[in-house]
Amino acid sequence: MFLEIKDLSVKIENKNILKSLNLNINKGEVHAIMGPNGSGKSTLANVLAGKEDYEILNGRINFKDNDLFDLNIEERAQEGMFLAFQYPVEIPGVNITPFLHSAINSKRKRMNEEEIDNLSFAKLLKSKASDLGINIDMLKRSVNTGFSGGEKKRYEILQMSILNPDLAILDETDSGLDIDALKIVTDGVNKLKTKDNSFLIITHYQKLLDYIKPDYVHVMVNGSIVKSGGSEIAAEIEKDGFQKFQ
Amino acid sequence: MNIEDNYLKNKKNIFFSENKDIQTHREKLINIFKDDRFDKKNNESLKNINLKNFIDFKYKYLIPEETSVINNNQENCYSIVSVNGQCSSFKDDKIEITKIIDEDYNDFSKNDTIEKNDHFVNLNSLFLNSGFKIVIKKNNNIKIKISNIITDDDLTIFQKNSYICEEGSSLNLIEEYENKNNSSSNILNVIKLEKNSQLNHFLIQDNSPNHNLIITTHSSCKKGSTYTQKVYNFSEGYVRNFHYSELIEANSEADLQGIFFLKDNNTSNNKTFVKHLAEDCKSNQVYKGILNDRSKATYFSNTHVDQVAQKTEGYQLSKGILLSDNASYFSKPELKIYADDVKCSHGSTIGPIDENAIFYLRSRGMSKIAATKILISSFINEELSSIDNEQMSEIIQKKLIRYLSKVK
């Protein structure tokens with residue numbers, strides 16, 4: 001199993017958020033998690049990425065034959081996990097290009113691969129940015145600083161395409177995007193999809209799933225997955241909302 | 001030994017002891033110390049320090065054997081080595097360097113802007129043993145680099161310097177303080193900028209733990225002149241940077257910046273006091289600190305806008321990153337505005353490093369320590385990238401790397 005979440009319970013500040021959650025993702029699969037506000041979707045994304053604010057009460061997560069809890073945040077990223085943030089953090093003064101260069105080389109180092117030099121990286125970045133309709137001038141700026149909501153999300157996908165993860169978690173990447181930006185972002189995701197990588201897409205709306213076709217859709221309510229199936233569930237939610245699952 | 005005994009014992013080695021007016025002034029200062037009523041709560045010069053350690057000292061001064069001024073006329077660049085607070089006299093058609101004289105002392109002591117209850121300034125006047133005066137002649141554009149050297153352990157340097165930028169002149173002044181011996185320097189700089197002159201003043205401070213450095217600067221700007229001060233404090237010993245600035249004629253400007261990097265038990269005290277006394281003047285103050293371990297810092301900022309100082313622009317900003325729960329940074333920005341057509345603001349942000357930013361960077365594969373270091377660098381990136389002197393920029397980058405290498 002590529003990613004196996006077994007009986008996961010998590011709390012933060014005395015509030016139980018995830019309750020005996022189970023989820024399995026195989027290599028090459030696209031899974032979508034849909035759920036109402038406050039159901040724990042972003043908590044799941046953050047726990048997978050290793051955010052340290054949460055207390056794991058129970059359960060285990062295996063990722064590529066590793067016990068995920070044995071890996072710290074950066075080790076998870078270096079092992080091929082990528083979280084596209086719902087609210088990407090603005091970091092003034094940290095320039096995008098050297099930051100991404102350093103990020104890709106930290107992953108290559110862990111994989112015992114040769115580090116990518118400045119020139120090759122610049123070429124790679126330029127080409128990936130062009131695919132996503134990102135202006136080259138934007139790459140001279142600081143990480144997410146002064147970006148519009150759409151630019152931030154596009155920049156998350158640019159990072160994803162550079163780092164080429166094995167498992168990408170997209171936390172409400174569609175929020176704040178107009179229809180054109182949504183198309184560019186989802187095109188970028190679809191280009192990255194191969195039989196060797198997997199996606200976990202968190203969203204409220206079916207719209208995103210019109211562009212990225214999921215193999216499985218899960219409904220998450222009150223910290224647990226209450227229903228799993230195919231794309232028809234997304235259509236059902238679009239029509240009737242989450243009420244019937246609660 | 002009490003202050004009076006200390007003074008009387010060393011009087012013969014102290015500048016201008018024979019001058020009766022100066023002697024009278026010093027007697028008044030001694031009486032202030034005799035009163036021994038130090039208001040630790042409200043006196044900003046006493047925060048975070050034990051004044052007793054500075055009053056109860058053993059006076060020691062050595063007249064330097066060798067000082068130098070080397071000029072390179074092609075680049076209009078002068079290198080000065082100041083030894084134990086003194087430097088050689090020098091004169092050409094662009095600058096004149098002389099020793100300070102009695103009249104200069106009066107100029108310092110009659111200054112009303114510098115607080116009378118600043119005990120370090122009073123100690124400086126009382127035990128004055130060194131100093132120099134530099135005049136930049138009209139319409140000249142020059143660079144000066146001053147290396148401040150103290151030759152022996154246990155020396156107590158009390159130094160007054162005077163800088164005068166004549167009309168239309170421009171001075172880029174770099175001062176390096178890198179003392180490794182067990183000594184102390186108490187320096188008062190008085191800077192006068194005449195009409196349309198400019199002074200860019202860089203101070204790099206990188207002293208060892210047993211060297212105390214106390215710098216008080218007073219600048220006054222006439223019409224159309226600009227004083228810029230940038231202080232980079234990497235010292236492991238105590239440093240005090242106080243700056244008093246007066247914008248006395250229209251369209252003058254003071255731009256004050258201080259960045260300090262503290263660790264272990266070190267302390268840095270900072271103060272700026274800017275008086276807007278004429279129309280259309282600007283002041284900008286940015287003080288940033290990175291504090292690790294049990295280090296402490298203070299920043300008192302006061303902008304006073306006189307009622308005649310219409311169209312003033314005055315900005316104050318202080319920011320601090322606390323890398324340890326035991327580090328502390330006390331910031332107190334104040335504005336006193338008596339004019340009604342002004343643009344003024346002040347702000348202060350102090351806290352630990354942004355955990356969300358750390359998580360974001362780590363989630364891209366960067367280690368926690370690398371993420372912390374990159375965020376520290378980014379915190380001061382704006383100030384570092386504004387340095388237009390390549391040599392300075394390189395020096396500061398190297399010192400920053402050294403500081404970051406100790407961050408765990």
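In chain B, strand 4 (residues 95-99) and strand 5 pair in the antiparallel sense over 5 bridges; here helices (H or I, at least four residues) and strands (E, at least two) are DSSP runs numbered from the N terminus, and two strands count as paired if DSSP finds at least two bridges between them. The model is a predicted one, in which local features need pLDDT of at least 70 and side-chain atom pairs count only at pLDDT 80 or more, while totals for chains, interfaces and linings use all residues. Residues are numbered from 1 along each chain as its sequence is written, with chains lettered from A and ligands numbered from 1 in the order in which they are written.

A residue is called buried if 20 or more other C-beta atoms lie within 10 Å of its own, exposed if 12 or fewer, and partly exposed in between, with C-beta atoms placed from the backbone.

Strand 8 (residues 170-177) of chain B is likewise mostly covered, with 6 of its 8 residues buried. Strand 8 of chain B pairs in the parallel sense with strand 6 (residues 141-149) of chain B over 8 bridges, and Lys143(B) is set opposite Asn172(B). A further 8 bridges connect strand 8 of chain B to strand 10 (residues 198-205) of chain B, again parallel, with Ile174(B) opposite Phe202(B).

The domain assignment, which is automatic or from a database, divides chain B into domain 1 (3-352) and domain 2 (354-408). The contact between them takes 16 residues from domain 1 of chain B and 11 residues from domain 2 of chain B, two residues being in contact if their C-beta atoms, placed from the backbone, lie within 7 Å. Strand 10, strand 14 (253-262) and strand 16 (282-291) of chain B each supply at least two residues of the domain 1 side.

Between the chains, 15 residues of chain B are in contact with 18 residues of chain A. Helix 6, helix 7 and helix 8 (381-385) of chain B each provide at least two residues of the chain B side, and helix 6 of chain B gives the most, with 5 residues. Ser363(B) lies in the loop between helix 6 (355-362) and helix 7 (368-379) of chain B. This residue touches Ala49(A), Ile73(A), Ala77(A) and Leu83(A), not counting residues up to four places away in sequence. With 26 other C-beta atoms within 10 Å, Ser363(B) is buried.

Turning to chain A, an open sheet of 4 strands has the order 2-1-4-5, with antiparallel pairing. Its edge strands, each pairing on one side only, are strand 2 (15-25) and strand 5 (66-67) of chain A. Strand 1 (residues 3-12) and strand 4 (residues 55-63) of chain A are joined by 7 bridges and run antiparallel, and Val10(A) stands opposite Ile56(A) in strand 4 of chain A.
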